[in-house]
Amino acid sequence: MVVVTGQNKVSGNPDDAMSSSDAEDDFQEPATPTATQAGQALPLLPQEFPEVVPLNVGGMYFTTRLSTLRRYEDTMLAAMFSGRHYIPTDAEGRYFIDRDGTYFGDILNFLRSGDLPPRERVRSVYKEAQYYSIGPLLDNLEDIQPLKGEKVRQAFLGLMPYYKDHLERIIEIAKLRAMQRKARFAKLKVCVFKEEMPITPYECPHFNSLRFERSESETKLFEHHCEVDVSFGPWEAVADVYDLLHCIVTDLSDRGITVDHQCIGVCDKHLINHYYCKRPIYEFKITWW
C-alpha cells in the first residue's frame, strides 16, 4: 500500500529553502512611530501664535490681534488660540476655522470695541455668538430688538404648552391634503380663542354669575370641541386673539411656509340655556409653491 502525504518535496539545496527566522522577518509588523517621528507629522503643543493673526474663516479672510481673540477667557476663540490646541493653516499660512465667515466680522467688531450689529443681522450674529460661546455678546444681543421682543413673545407663548405641537399639526394636515388632492395649496379651519368659556360681550354679566355657581353637570355642558382642524386656547394674558394669530403666521413664515388667513365666522354651537359657543373660526390657506 502506498501512502501519499500532503507535504511538498523539499529541495536538497539549503539555499533554496526559507528558514523560519526569515519568514518571521518578512511578516513583522511595522514598528510603532517614535515620539520624534510623530512630532514631524503634527506640531508639538503648545502652539505659538503671532501678535497679528491672519484668519481664514470658511474661505473669508480676516486679520486681527491675538489679544482680540483672547479678550474673553471663557469663549471658544480664546480656547482655540490659547496655545493648548492645534489650529491648521491654509496654503498661505492663515489659521483656518471651518465655519461660515459671513458674520465673523461682526464677532470681531464686538471683541475689538463692543460694537453691535445692525438690527437686520442680530439674529444671525446671535447664532454665531452661540457657536463661539461669547457670553457678553449674547447678553447684549438679547437686550436689543428683535431678540428682546422675542423674549416677551416667548413668555406669552409659554402660556400654551402645546403651541409648537399645534403648529406642526397645521403643517402636516396642509401637506397631506395638498398631496392627496394634487393641489398647489390646502385649506384648514383653525379656532383661536382667549376665554376659557366662549361668550359674547353682552353675556358677560350672566356668564360671570353662572361661572361661579354652575354645577358639575352644567360644567360638562360647557365642555366641547369646535369642529375644526386645530384649536389654540384658552390663555390668561393681555395679549388677544389677533396677537396669537400674528405669532402663528410669523412662525409659519419663518419656516418658509406661505400662509393667508381670514375669519369665516364663529362656532355657534348651542351649549346651555341661551349660551352659544362664539369662538372665532379662521380659514388658513397654506400655499406650497
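## Ground rules

Two strands count as paired if DSSP finds at least two bridges between them. Strands themselves are DSSP runs of E with at least two residues, helices are runs of H or I with at least four, and both are numbered from the N terminus.

This is a predicted model, where local features need pLDDT of at least 70, side-chain atom pairs count only at pLDDT 80 or more, and totals for chains, interfaces and linings use all residues. Residues are numbered from 1 along each chain as its sequence is written, and side-chain values use heavy atoms, with hydrogens and water left out.

## The four-stranded sheet

Reading across, the strand order is β5-β4-β9-β6, in an open sheet with mixed pairing. β5 (230-232) and β6 (258-266) sit at the edges with a single partner strand each, so one side of each has no neighbour in the sheet. From one strand to the next, the twist averages 30°.

For a closer look at one pairing, take β6 and β9 (residues 280-287): they run antiparallel over eight bridges. His261 has Phe284 in β9 as its bridge partner.

## Helices on that sheet

Angles here run from 0 to 180 degrees between N-to-C directions, with axes fitted to C-alpha atoms (for helices, over the stretch in contact). Contact means heavy atoms within 4.5 Å. Helix α9 lies across β4 (185-192), β5 and β9, at about 150° to β4. Helix α12 lies across β4, β5, β6 and β9, and runs at about 15° to β9.

## α12 and its helix partners

How do α9 and α12 cross? The axes of α9 (residues 163-181) and α12 (residues 241-254) come within 11 Å, at roughly 60°. That makes α9 oblique to α12; under 35 degrees counts as roughly parallel, over 145 as roughly antiparallel, 65 to 115 as roughly perpendicular, and the rest as oblique. On the α9 side the contact uses Tyr163, Leu167, Ile170 and Ile171, and on the α12 side Leu244, Cys247, Ile248, Asp251 and Leu252. By class that gives eight nonpolar, no polar and one charged residues. For the classes, Ala, Val, Leu, Ile, Met, Phe, Trp, Tyr, Cys and Pro are nonpolar, Asp, Glu, Lys and Arg are charged, and the others, Gly among them, are polar.

Helix α8 (residues 147-157) also packs on α12, at an angle of about 110° and with the axes 11 Å apart. That makes α8 roughly perpendicular to α12, and this crossing is left-handed. Here Arg153, Phe156 and Leu157 of α8 meet Leu244, Cys247 and Asp251 of α12.

## The three-stranded sheet

There's another open sheet, with the order β2-β1-β3 and mixed pairing. Its edge strands, β2 and β3 (95-97), each pair on one side only. Helix α5 (residues 104-113) lies across β1, β2 and β3, running at about 10° to β2.

β1 (residues 52-57) and β2 (residues 60-65) run antiparallel and are joined by six bridges. In β2, Val52 has Arg65 as its bridge partner, and Val53 has Thr64. The two strands form a hairpin with two residues between them, and Gly58 in the turn has a positive phi of about 60°.

Technical notes
Left-handed = near helix turned anticlockwise from the far one by under 90°.
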